[in-house]
Structure formats: structure tokens, C-alpha cells
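Open the structure in your viewer and get ready to select residues.

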Amino acid sequence: PKYANKNYSLTPFGRLCAEERRALTMTLPEMAKLVGTSPLDVSRIERGEKPAPAHYVLLVMELLGLNKADVEMALAAQDSTYKLTRVTQPRYGSQQ
């Protein structure tokens with residue numbers, strides 16, 4: 001079937017996000033609501049049809065518990081000039 005492989009058109013970053021989202025049994029609409037965008041935008045970002053803004057990347061990293069190095073590697077595979085320049089700040093009282 002045409003849609004047998006759900007990772008068919010996903011970018012490396014999109015695949016990373018989609019796989020973790022599915023592992024958490026989170027639907028695309030649920031994730032969209034949590035990051036404050038539409039399901040269509042989440043889908044377009046995962047497929048590489050829309051660039052992933054830095055604030056979106058940071059929200060998704062925290063929401064899905066993605067490793068920063070994995071995210072940077074996936075984004076660099078899509079665009080060698082992409083740099084995740086903003087770093088997440090530790091929460092007050094959190095252990096480093």
C-alpha cells in the first residue's frame with residue numbers, strides 16, 4: 001500500500017519527533033495543541049515542507065524529551081547551516 005511506511009516523507013528531524021510522539025502515544029493534534037500550533041503545521045514541519053522555528057524545536061525537545069545532540073544532528077542532516085543557537089535554561093532548583 002502507498003501509505004504502509006508512515007516515515008515515507010519525513011525529514012530526519014520529523015522522523016525523530018514522530019517516532020517519539022508515537023512512543024508516547026501522543027497524536028499529532030495533541031502535540032499541536034501542546035506546542036501552540038495547528039496539526040497541519042506540525043505535519044508540514046515533520047515532512048520538511050515548513051522550516052522548524054527555533055522556539056518550536058525547543059518546545060518539542062522538552063515535550064518529547066529529545067536529546068539535544070540527536071536533534072542537532074537531525075536538523076544538520078536536513079540543512080548543514082542549521083544551528084540550534086538558543087539553549088534551554090535549567091529550571092530553577094534543577095540538578096545539572
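Helices here are DSSP runs of H or I that span at least four residues, numbered from the N terminus. Keep in mind that the model is predicted.

**Stop one: within a helix.** Select R44 and D41. Both residues sit in helix α3, 3 residues apart, which is about one turn of the helix. Now colour by accessibility. R44 is partly exposed, at a relative accessible area of 28%. D41 counts as buried, at 17%, because buried means under 20%.

**Stop two: a second partner.** What joins K50 to D41? A salt bridge does, and its closest N and O atoms are 3.1 Å apart. K50 is partly exposed, with 26% relative accessibility. Show the three residues together: D41, R44 and K50 are linked in a network of salt bridges.

Select E46 and R21. Their side chains meet in a salt bridge, 3.2 Å from N to O. E46 belongs to helix α3 (residues 39-46) and R21 to helix α1 (residues 12-23), so this pair ties together parts that are 25 residues apart in sequence. Are these two residues buried or exposed? Both E46 and R21 are buried.

**Last stop: the whole model.** Zoom out. How many salt bridges does a search of the whole structure find? The search finds 4.

Definitions and conventions
Residues numbered from 1 in each chain as written. Predicted model: local features only at pLDDT ≥ 70, side-chain atom pairs only at ≥ 80, totals over all residues. Heavy atoms only, no water. Helix = DSSP H or I, 4+ residues; strand = E, 2+ residues; numbered from the N terminus. Buried < 20%, exposed > 50% of the residue type's maximum accessible area, 1.4 Å probe, protein only.
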